[in-house]
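Work through the exercises below with the sequence and the model open. Try each task before reading its solution.

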Amino acid sequence: MFQTHLEDCKKKIEAIRSLRGRLSFWRLISSMTAILLFCFGYSQTKIGYMLLSAAAVAGFALLVSYDHKIRSQLTYLTDRKSVIQDHCARMDDSWKQFPIHSCADPYKSDAKSGDLDILGKHSLYQYLCTASTVFGQDQLARLLIRPDRRPAQIRERQKAVKELAQKTDFTLHFEASARNLRTISYEQSKKALDNFFHALEEETYFSLAERILIWAVPALTLIFLACWLSGIQPELTLLCFSGCAILQLSAAFLGHWRNSRLLAPVYKMNQTVTPYRKLIAQLVQEPFESPYLQKLQQSLSAKALSAFRQLEAVTESVVVRHNVYASLLLNSLCCYDFHCVRRYCKWKNTYRHVFASWLEAVGTAEALISLGVPARTRQTHTMPVILDTDKPSISADCLQHPLILETDAVGNDFHLMHQTCIITGSNMSGKTTFMRSIGINLILAYAGGFCTARGLHVSCMEVCTSIRTADNVSEGISTFYAEILRIKSMIEISQKQQPMLCLIDEIYKGTNSKDRIYAARETVKNLAKPYTATILTTHDMELCDLEQEPGMDAENYYFMEHYEKEQILFDYKIRRGRCTTANARHLLRMAGILQ
C-alpha cells in the first residue's frame, strides 16, 4: 500500500521540479525582455515599447507568483514522502532511528514505562508516534501511560482509531501538513507555547491617549502627505507631515520595550500557527462517523478556523515589524507597532479561554492516528475486545511483540484468568519477551489502539511490573531492595481490591536461593487474590510446586530449546507444564568459559 503512495509521490515531485526548471528559464527570459524593451523605449522615447516592457514585468510577476505556489506544493509533497517513508521504516526495523521526544519526562517514574519499553529509546512510543505537534506527542504519551481505563471510554477511542486507520489518504495528508513543525525541537515548541499561554493570561488595555495616537495622528499624517503630493501649501504641509511622522516614530521608540514584550510570544508562534490552521481545517471538513471524532470536530467548528486565520494574520504583521526598514516606514506613517498590539489584544480577549482546547483537539487527533500504526504496518493486528468484568481476564490468539520485526516475531496463544502463571525455561528461550508482549499489548488495548495479535479479549485492570529493577547509589538502594519496593507497591495496590495484572521477571533474583524461594512463595500467595492475575518467570523449579498447593490457583508454563550441531535453537513457543532442561553450561562452553 505505502509503496504505491511513495511512487506516486516521487513522480509528482519530479514533475514539479521539472516545471520549476522551465519556470526559472522563462523568468529569466521575461526579466531580460522587460529590461531591453524599457531601455530601447526610453532611449527612443517610444511609448509602445514601454508598454511592452510593462507587460513583460507583469508576466515576470505572474511567473514568480506561480513558482511560489508550486514551491509550496513541492514542500508539501516532500513532507508527504517523508511521512510515507517513515511508515515503510516501521516495516523493516529502521524506525529505531526516529527522534525521541522529551514528552516522556513526566512519566519516567512509572515502572512499566521502562519495563515494557513504552517510552524512551527503541520504545513503543518511538514506533507509534506520527505526531508533529507538542500536544499530539504529549497526548500519545499520556494515553500509553495513564489512559482512561473505563471500558466505555476505551471503546469510544477504539472506534475513532479504527475509522482513522481506514482513512489512509486523510491521515497521510494530515501528517504531511504538520510535518514542518518537526524542524522545531520539542523543547523549543513547548517553551514557545508556554510563553504564549502565559501571555494570554495577562490583561492589556489601551489608554485614551494611545487610542487617539494610533487613529488620529496617522490620519493627519496621511492627509498632510496627500496635500503635499498634490501641491497644496507644500511648505506648510511638508512641515506638518514631517512633524506627525516624527511624533509617531517617537511614540514607537518610547513604546518599543512594552510593545516588543507583548508581541514576542506572538512572533515566536509564526512558524506554528499556519500548520495548526491547516490541521484544524482538515478536521473540520472531514466527514466522521465515530462519536468520539464527531465530538472532537464539534469542539473545533468554524469559529476555531476563523480564530486561527486571524492569529495567522497577526503573526504575519508582527514578523514585518522585525524588518528595520519596513518598521521605520510603517511606524512613521501609521503607528504600526501599536496597531499590531491592538490587533493581538483584541484577538486575545476574544479567544484566549478556548485556544488551548483547540490545540488539544488537534493533539488528540494526532495521538489517535498514531495508535492506528500497527493496522497500517503489520499483517497481524487486531482491535481488542474489552470485556465488562471485574475479574482479570486475558485471552490471546497469536500474540506478538509489536517492537519485534514481524518476520521474526513468534505468536503465542495464551489464556489467563485471576490466577498465577509461573513460567520456567532456559536462558534466552523467550520468557521475558513473552511477558513483555502481554504487558505492551495491554498498554495498546487500554489506550484504544490496535494490538499485534490475531485476536485479543482483555478486561480492564492495573498493569504493575517488576522487570528491569536497578540500584540507585545516590539513594542507597540496591537492586534487590528496588525489586522489594516494586513488589511492595503491587501488594498495596492489591489491597484496594481493584483488578490488576502483576508481571514479575525472575522474582527476587538479587538474593540467595534459599531466601529467594521462601520469599517468592510467600509473595505469590499474598498476591493470589480473586481480583489479581500474576505472571512471573523464574529459574527456581521449586516454585512450580505451587500448582499443587491447596487453595492456590496456579498454572505452570515453560519455554524450551533444542540443539543442532552444537547450536542452541529456540522456537519461542509457550507450553503447559514445567521446564525440564537447562542450557547454562552449554552457553558457558560456547563462550569458552567452561571446557
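**Exercise 1: the largest pocket**

α2 gives the most to the lining of the largest pocket, with 7 residues. This is a predicted model: local features need pLDDT of at least 70, side-chain atom pairs count only at pLDDT 80 or more, and totals for chains, interfaces and linings use all residues. Residues are numbered from 1 along each chain as its sequence is written, and side-chain values use heavy atoms, with hydrogens and water left out.

Task: describe the lining of the largest pocket by element and by class.

Step 1. On a 1 Å grid over the protein atoms alone, a pocket is an open set of points with protein on both sides within 12 Å along at least five of seven lines; a cavity is a set where a 1.4 Å probe fits but cannot get out; lining residues have an atom within 4 Å of a point.

Step 2. Take the volume, the space filled by probe spheres set on the points. For the largest pocket it is about 550 Å³.

Step 3. List the lining. It has 25 residues, and S72, T75, N180, T274 and K278 lie nearest the centre. The elements that give two or more residues are α2 (47-89), α7 (168-178), α12 (273-285) and α13 (291-320). Helices here are DSSP runs of H or I with at least four residues, strands are runs of E with at least two.

Step 4. Sort by class. The lining holds 6 nonpolar, 13 polar and 6 charged residues.

**Exercise 2: cavities**

Step 1. Take the largest cavity, of about 50 Å³. Its lining is F98, P99, H101, Y125, Q126, C129 and R182.

Step 2. Take the second largest cavity, of about 40 Å³. K112, L144, I145, P147, R149, I443, Y446 and V463 line it. α5 (134-145) and α18 (431-447) each give two or more residues to this lining.

**Exercise 3: cores and a buried aspartate**

Task: which residues touch the most other members of the largest nonpolar core, and is D86 buried or exposed?

Step 1. Define the core: buried Ala, Val, Leu, Ile, Met, Phe, Trp, Tyr and Cys residues joined through side-chain atoms within 4.5 Å. Buried means under 20% relative accessible area, exposed over 50%, partly exposed in between (1.4 Å probe, protein chains only).

Step 2. Read the core. Of its 119 residues, L144, F355, L501 and I535 touch the most other members. α13 supplies the largest share, 11 residues. A second, separate core of 20 residues includes C464, M500, I507 and Y508.

Step 3. Turn to D86, in helix α2. D86 counts as buried because its relative accessibility is 15%. Leaving aside neighbours within four places in sequence, D86 is in contact (heavy atoms within 4.5 Å) with F98, R179 and R182.

**Exercise 4: strand β4**

Task: which strands pair with β4, and how many of its residues are buried?

Step 1. Apply the pairing rule: DSSP must find at least two bridges between the strands.

Step 2. Find the partners. β4 runs parallel to β8 (residues 532-537), with 4 bridges. C421 stands opposite I535 in β8. β4 also pairs with β9 (residues 554-559) in the parallel sense, over 6 bridges. There, N556 is the bridge partner of I422.

Step 3. Check burial. 6 of the 6 residues of β4 (residues 420-425) are buried, so the strand is largely enclosed by the rest of the structure. T420, I422 and T424 cover one side, C421, I423 and G425 the other.

Note on methods
Ala, Val, Leu, Ile, Met, Phe, Trp, Tyr, Cys and Pro count as nonpolar, Asp, Glu, Lys and Arg as charged, and the others, Gly among them, as polar.
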